[in-house]
Amino acid sequence: MANTKEINRRRTFGIVSHPDAGKTTLTEKLLLFGGAIQEAGAVKSNKIKKSATSDWMEIERQRGISVATSVMGFEYNNHKINILDTPGHQDFAEDTFRTLTAVDSVIIVIDAAKGVEPQTKKLMQVCRMRKTAVIVFVNKMDRPSKDTFDLLDEIENELEIGVRPLSWPINNGPEFKGVYNIYTDNLVLFNANEKLSNGNSVEFTDINDPELEEYIGDDASQLREDLELIEGVYSEFNIDSYRKADIAPVFFGSALNNFGVKELLDCFVDIAPPPLPVETEERKVMAEEDKFSGFVFKIHANMDPNHRDRIAFVKVCSGKFKRNTNYLHVRNGKTMKFSSPTAFMASKKSIIDEAYPGDIVGLHDTGNFKIGDSLTEGEKLHFKGLPSFSPELFKYIENANPMKSKQLAKGIEQLMDEGVAQLFTGRASTRKIIGTVGALQFEVIQYRLLHEYGASCRYEAIKLYKTVWITSDNEGKLKEFIDRKYQQMAFDKEGRDVFLADSPYALQIAQDKFPEIQFHYTSEF
Ligand code: G4P
């Protein structure tokens, strides 16, 4: 057992939300607590501005800036906290899904007036699939909000997870008085005139103490009633149920006013899981193992054609990562060492000598890595849990300049390794199909192929609903299916069989006719 002390003090997590619920604001306030930034506004460049939603160049530029804030590390109460940033723009949802493969837990931010919104539901599906522990932060309590009990019901129903309030708001909107911290049993008063204060905290051993009225007036009786109801309705908070992702603790506050954030953070470092074991095809890897292992979950390319370098983000899963040490790049069998691995402390990037499980290391890459690659001290491990999801939009990609077909092939291959989009090749036609989550990626790909690889492409429409990976224990049936659907069969980039379903109806028919075939919506099964 190695590095136990360092491992146990690490908390690596992601903050997710529907755009505008307050993810950026909350991130910033957490960094302020950690002393990682000195002033509010420092993380703003991280956010893709609303005005830029149709201007993908601007989005890419801002994403470029956000390399430094992709991972924000800081120290808090003797814990090393790593926040992994996730793009808010839904066209980059695939990036977010992948980042969620590298976190040990998640904080979900919900707008108290809007409740659960579509993007939150999608992200929660990914958390559920991976059984990731989540804490919910209900934000913007300083604005008129939904009824608190209704909101909790909505979270339970829409996010399909049990909830357990660990703080409780006293009124909301202009009447918002503060929160009662159920986890530590104290009252934290909100003072709207004292923005950015930490709130005034009052210890309360007995909620029935008449002194409560002195602080929150008529709201005291309602609070007592609510707390009684909570104890009756929700079972006692249990850290195991939270870590097993059965129950999500819920906190209330206002990130903008830095209110309720400290309560969230203090509880988070207490209960959130340290670096978890990670599944590989071969075996389960434990953080405490002596030997280093890690996997690439994100690749960030430099858009500048003069510096076509990339940063591969590696999550350390076990052992200790060391600078200038030989490691095995498992996929290509090469031994590599890294002279300038970087770590990210808030917006500062610095070269590090070592890193522990839970940490993220940035490695300078000239095209050796693709998403999902493993680095080890020699063992051939293949990390699981980095599935591709069926894209939602599809186009044929064609070469627009026959003189540059090599450049085009190389460009497409590298962009796919980065995870910008997915590539499928038709069995019969051998035509190449690009699949993406958002419409913007098509423009990004076209632009980058031209500017970084000197290759031009054009797109042609294709009627396609989903790409579905197929498998079967019955070889004969699989062959029969492929023969029968030959025109609609393709290979993904790894050569796996994919059925191109052009409508939900066609998919249903295929499923009904071939019960021996398994249809998979993600590439990992
Ligand atoms: P996001 O990253 O989830 O997209 O959300 P972000 O933090 O950027 O917050 C979205 C908007 O909501 C911002 O206002 C932000 O100031 C506001 N906000 C965040 N937390 C609270 C809160 O607790 N109370 C209130 N009332 N507002 C909150 P904006 O006008 O869009 O941006 P900005 O001009 O303030 O930067």
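## Report on a predicted protein–ligand model

Arg9 is placed in the loop that separates helix H1 (4–8) from strand S1 (10–17). Helices (H or I, at least four residues) and strands (E, at least two) are DSSP runs, numbered from the N terminus. The model is a predicted one, in which local features need pLDDT of at least 70 and side-chain atom pairs count only at pLDDT 80 or more, while totals for chains, interfaces and linings use all residues. Residues are numbered from 1 along each chain as its sequence is written, and side-chain values use heavy atoms, with hydrogens and water left out.

Arg9 has a relative accessible area of 15% and is therefore buried; the word means under 20% relative accessible area, with exposed being over 50% and partly exposed in between (1.4 Å probe, protein chains only). Apart from residues up to four places away in sequence, Arg9 touches Glu75, Asn78, His79 and Lys80, where a contact means heavy atoms within 4.5 Å.

### The protein as a whole

The protein has 14 helices and 31 strands. Of its 525 residues, 57% count as buried. Among contacts between residues at least 6 apart in sequence, 72% join residues at least 24 apart. The protein exposes about 22,800 Å², and carbon and sulfur atoms supply 47% of this area. Accessible areas come from the Shrake-Rupley method with a 1.4 Å probe, and for residues only the protein chains shown count as cover.

### The ligand and its surroundings

The ligand has 19 residues around it, of which Asp20, Lys23, Thr24, Thr25 and Ser254 come nearest. By class, the shell comprises 4 nonpolar, 7 polar and 8 charged residues. Here Ala, Val, Leu, Ile, Met, Phe, Trp, Tyr, Cys and Pro count as nonpolar, Asp, Glu, Lys and Arg as charged, and the others, Gly among them, as polar. Helix H2 (residues 23–33) contributes the most to the shell, with 3 residues.

| Residue and atom | Ligand atom | Distance |
|---|---|---|
| Ser17, polar side-chain atom | oxygen | 3.3 Å |
| Ala21, backbone N or O atom | oxygen | 3.3 Å |
| Asp142, side-chain N or O atom | nitrogen | 2.8 Å |

On its own the ligand has 710 Å² of accessible area, and the protein covers 75% of it.

### Strands around S4

Two strands pair if DSSP finds at least two bridges between them. S1 and S4 run parallel and are joined by 5 bridges. S4 is also paired with strand S5 (residues 133–139), again in the parallel sense, over 7 bridges; in S5, Val134 is the bridge partner of Val106.

Strand S4 (residues 105–111) is mostly covered, with 7 of its 7 residues buried. In a regular strand the side chains alternate between the two faces of the sheet. In S4, Ser105, Ile107, Val109 and Asp111 point one way and Val106, Ile108 and Ile110 the other way, and all are buried.

### Strands around S15

Strand S15 (residues 310–318) is likewise mostly covered, as 9 of its 9 residues are buried. Strand S14 (residues 293–301) pairs with S15 in the antiparallel sense over 8 bridges, and Phe295 has Lys315 of S15 as its bridge partner. S15 and strand S22 (residues 360–365) also run antiparallel, joined by 6 bridges; Ala312 stands opposite Leu363 in S22.

### Further individual residues

Ile470 is found in strand S28 (residues 466–471) and is buried, with a relative accessible area of 4%. Leaving aside neighbours within four places in sequence, Ile470 has contacts that include Leu478, Phe481, Met489, Phe499 and Phe519. Ile470 and Tyr521 are 51 residues apart in sequence, and their C-alpha atoms are 9.1 Å apart in space.

Two asparagines have a positive phi. For Asn77, phi is near 45 degrees, a positive value in a residue other than glycine. Asn77 lies in the loop between strand S2 (71–76) and strand S3 (79–84) and is exposed, with a relative accessible area of 53%. For Asn258, phi is near 55 degrees. Asn258 lies in the loop between strand S11 (247–252) and helix H10 (261–271) and is buried, with a relative accessible area of 8%.

Definitions and conventions:
A residue is near a molecule or strand if one of its heavy atoms lies within 4 Å of it. A polar contact is a pair of N or O atoms within 3.5 Å; within protein, one must be able to donate a hydrogen and the other to accept it, and residues adjacent in sequence count only if both atoms are side-chain atoms.
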